Amino acid sequence: MEHAFVDILGVRVHRVDVAQMLTQIKTWIDNADGPVTQAVHQICTVNPEFIIHARRTPDFAAVLARADLAVPDGVGVLWAARCQGVRLRERVTGSDGIYHICAAAAHYGWRVYLLGAAPGVAEQAATRLQHRYPALQVVGCYGGSPADRDWPQIYARLAAAAPDLLFVAYGHPSQDQWIDCHRHELPVIVALGVGGAFDFVAGIMPRAPRWMQQWGLEWLFRLLRQPWRWRRMLALPLFGLLVVRNCAKSIFKS
């Protein structure tokens, strides 16, 4: 299934909403033939921070380019697309997406695995998800790390559990690079990085109020809760300036 995309500062972002993402996941899982022998289908949730990092780091830009689906995560991405005359319907985030995907997994019988986060957090998140979706099959949880030394243990656990879908919570950019690095070895059908989603699901870290999410101020809430993130947040004004500059260039050319 081919999806239209918009190029935002050199990064491809697919023009999909949550429903289309779920349809694509279902297609991949339905079409998987027996034991996984092909490269895992990778989903990346692209936000302004991803795009700025990709501009600075060719290796990460290549990871995003190879992703099977690069979904628009962040109000800034929707705004940047609109500056090009492209209207994206909604944000497709890892923090909200984990609920949508698990609801679909419970309905269709997909087997899911939670990998990453601090010790015990994945297990807490799994318990809450299974309480919310009683039919959900969580076939395993494990912390581990993206370090090479942990790969044999992670592979053994995944191979034994045989999940269809893998959530990876190693944070940006490690989680996406890790999936890409092992995409020809991972014994799963679909894998996506979900950042701090396990912390949110488990109740370890609160989400921003809905109104702040709707107004694109979730970054401010997280900054107030985690002041150490200020260096990462510098990507946001830079992203805005670059988008405005590109839009101005397009206007003058026309």
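Q: Where is the place of Pro163?
A: Pro163 sits in the loop between helix 7 (151-161) and strand 7 (165-169). This is a predicted model: local features need pLDDT of at least 70, side-chain atom pairs count only at pLDDT 80 or more, and totals for chains, interfaces and linings use all residues. Residues are numbered from 1 along each chain as its sequence is written, and side-chain values use heavy atoms, with hydrogens and water left out.

Q: Why does Pro163 count as buried?
A: Its relative accessibility is 3%. Buried means under 20% relative accessible area (1.4 Å probe, protein chains only). Therefore Pro163 counts as buried.

Q: Which residues does Pro163 touch, not counting residues up to four places away in sequence?
A: Arg111, Val112, Tyr113, Val139, Leu158, Pro187, Val188 and Ile189. Contact means heavy atoms within 4.5 Å.

Q: Why is helix 1 called oblique to helix 5?
A: Helix 1 (residues 18-31) and helix 5 (residues 94-108) pack at about 45°, with axes 11 Å apart. Angles under 35 degrees count as roughly parallel, over 145 as roughly antiparallel, 65 to 115 as roughly perpendicular and the rest as oblique. So helix 1 is oblique to helix 5.

Q: What residues make that contact?
A: Helix 1 gives Val18, Met21, Leu22, Ile25 and Lys26. Helix 5 gives His100, Ile101, Ala104 and Tyr108.

Q: Which residues touch the most other members of the largest nonpolar core?
A: Leu114, Leu165, Phe167 and Phe198, in a core of 40 residues. Such a core is a set of buried Ala, Val, Leu, Ile, Met, Phe, Trp, Tyr and Cys residues joined through side-chain atoms within 4.5 Å.

Definitions and conventions:
Axes fitted to C-alpha atoms, helices over the stretch in contact; angles between N-to-C directions. Helix = DSSP H or I, 4+ residues; strand = E, 2+ residues; numbered from the N terminus. Buried < 20%, exposed > 50% of the residue type's maximum accessible area, 1.4 Å probe, protein only.
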